[in-house]
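Colleague: I am new to this structure. Please show it to me, and then I will ask about the terms used for it.

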Amino acid sequence: MKKEFYLQLVTLSMFPAIMPMSLRMHTPSFLDMATSLVADMHGIQYTIIIFFFAISIFELSFKKQYALFGEKAILLGIGAFIFGSLLAVFSGGLTTLYFARVLQAFGGATAAVCYRGKVAELFDV
């Protein structure tokens, strides 16, 4: 029981780091992405705008997601973030990269909203 509790605690402590990690790994590679995708810098910079816009929309719409779906919502969000990250790595153009960033925003918003509900459930807050 105690081992499971610590595993959940470590996992929950990583959830808030998903969105900043996504931004901090993405931003320094703008020049490399522009070169490999044969795109201009403005198109690459739109990925940040799309990410923030999608994050704001998803966070507003996920207020009661954890209450409705429970831990399945967390797993869905993490799965979407991982799939979006893999899609971004292997994207062949800007449109695919934009879609991948929206998937990452979906996963990041799910983690940002749902981990609070899980912490409240574990610690009777």
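Predicted model: local features only at pLDDT ≥ 70, side-chain atom pairs only at ≥ 80, totals over all residues.

Modeller: Residues are numbered from 1 along each chain as its sequence is written, and side-chain values use heavy atoms, with hydrogens and water left out.

Colleague: Why is Phe90 called exposed?

Modeller: Exposed means over 50% relative accessible area, buried under 20%, and partly exposed in between (1.4 Å probe, protein chains only). Phe90 has 66% relative accessibility, so Phe90 counts as exposed. Phe90 sits in the loop between α6 (71–89) and α7 (94–123). With Ile82, Leu86 and Val89, Phe90 makes a nonpolar surface patch of about 450 Å².

Colleague: Is Gln65 buried or exposed, and how do you know?

Modeller: The relative accessible area of Gln65 is 8%, therefore Gln65 is buried. Gln65 belongs to helix α5 (residues 65–69).

Colleague: What makes α2 and α7 roughly antiparallel?

Modeller: Helix α2 (residues 18–26) and α7 pack at an angle of about 150 degrees, and their axes are 8 Å apart. Angles over 145 degrees count as roughly antiparallel, under 35 as roughly parallel, 65 to 115 as roughly perpendicular and the rest as oblique. α2 and α7 are therefore roughly antiparallel to each other.

Colleague: Which residues of α2 make the contact with α7?

Modeller: They are Ile18, Met19, Ser22, Leu23 and His26, where contact means heavy atoms within 4.5 Å. Among their partners in α7 are Arg101, Gln104 and Gly108.

Conventions. Patch = residues over 30% accessible without salt bridge, like charges linked within 9 Å, V, L, I, M, F, W, Y side chains within 5 Å. Areas by Shrake-Rupley, 256 points an atom, 1.4 Å probe, with all protein chains shown as cover. Salt bridge = Lys/Arg side-chain N within 4 Å of Asp/Glu carboxyl O. Helix = DSSP H or I, 4+ residues; strand = E, 2+ residues; numbered from the N terminus. Axes fitted to C-alpha atoms, helices over the stretch in contact; angles between N-to-C directions.
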